Amino acid sequence: MALHLYFDLTDTLRLAEHAVAAAEHAPTFTEREEQTPCRGALEWVHDHGVYLMSSGLPRLKDSNRPQTNLVVYAHGWNPDTDGHRHDPNLGGDDFVEHLHLTEAPTPLIDTLRAAHAAGDRWLHLTVSADTYEARVARTRRPD
């Protein structure tokens, strides 16, 4: 069965706009090894919770905690408020996956902007053991 992760679209778009506006980005391991540039991404992270952050450098800081990067937790996956959760589709190891924002044919940044303007509320990641799909949604599936 797939795991459904929902990220607040307004907050996610703030991260995405920072990433596409930044002149420099934190590359993935593969981008660093192949010396290919990252042109802006949402970093989907699984470590202390499940969250997104901007790949843009300098990092977007959290105004409430200036020593930390601004993150958007998946609904129900903030360990400080929701406790520690586990799902086999996320595997046992921590990871960072880039959701590139400007890749053709349909740049994710354009999808996020249009969805936000249309009143959608969530970036929805459907995750299975070996793949994921990103889309937008007006409502969230019940837990």
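**Figure 1. Helix α1 of this predicted model, seen along its length**. Let us start with helix α1, which runs over residues 9-21 and holds 13 residues.

**Figure 2. The start of α1 and its buried residues**. What caps the N-terminal end of α1? Asp 8 does: one of its side-chain oxygens lies 3.1 Å from the backbone nitrogen of Thr 10. Moving on into the helix, you can look for Leu 9, Thr 12, Leu 13 and Leu 15, which are buried. Ala 16, His 18 and Ala 19 in α1 are buried too.

**Figure 3. The whole chain, for orientation**. The secondary structure of the chain comes to 4 helices and 11 strands. Along its principal axes, the C-alpha trace spans about 40 × 35 × 35 Å. For 143 residues, a compact globule would have a radius of gyration near 15 Å; the chain has 15 Å, which means that it agrees with that expectation. Of these 143 residues, 43% are buried.

**Figure 4. The largest cavity**. Rolling a probe the size of a water molecule over the atoms shows where empty space is left. How many cavities of 30 Å³ or more does a search of the whole structure find? The search finds 1, and the volume of the largest cavity is about 50 Å³. Its lining is made of His 46, Asp 47, Gly 49, Val 50, Trp 77, Pro 79, Gly 83, His 84 and Arg 85. Two or more of these lining residues come from each of the strands β3 (41-47) and β4 (49-54). By type, the lining divides into 3 nonpolar, 4 polar and 2 charged residues.

**Figure 5. The second largest pocket**. Our last stop is a pocket with a volume of about 190 Å³. Which residues line the second largest pocket? They are His 98, Leu 99, His 100, Glu 103, Thr 106, Leu 108, Thr 111, Tyr 132, Ala 134 and Arg 135. The elements giving two or more residues to this lining are strand β9 (95-100), helix α4 (108-117) and strand β11 (132-137). Here the lining residues divide into 4 nonpolar, 4 polar and 2 charged.

Notes
Residues are numbered from 1 along each chain as its sequence is written. This is a predicted model: local features need pLDDT of at least 70, side-chain atom pairs count only at pLDDT 80 or more; totals for chains, interfaces and linings use all residues. Side-chain values use heavy atoms; hydrogens and water are left out. The expected span of a helix is 1.5 Å times one less than its number of residues. Buried means under 20% relative accessible area, exposed over 50%, partly exposed in between (1.4 Å probe, protein chains only). A polar contact is a pair of N or O atoms within 3.5 Å; within protein, one must be able to donate a hydrogen and the other to accept it, and residues adjacent in sequence count only if both atoms are side-chain atoms. On a 1 Å grid over the protein atoms alone, a cavity is a set of points where a 1.4 Å probe fits but cannot get out, and a pocket is an open set with protein on both sides within 12 Å along at least five of seven lines; lining residues have an atom within 4 Å of a point. Grid points are joined across faces, edges and corners, and a volume is the space filled by probe spheres set on the points. Ala, Val, Leu, Ile, Met, Phe, Trp, Tyr, Cys and Pro count as nonpolar, Asp, Glu, Lys and Arg as charged, and the others, Gly among them, as polar. The radius of gyration is taken over C-alpha atoms; the globule rule is 2.2 Å times the number of residues to the power 0.38.
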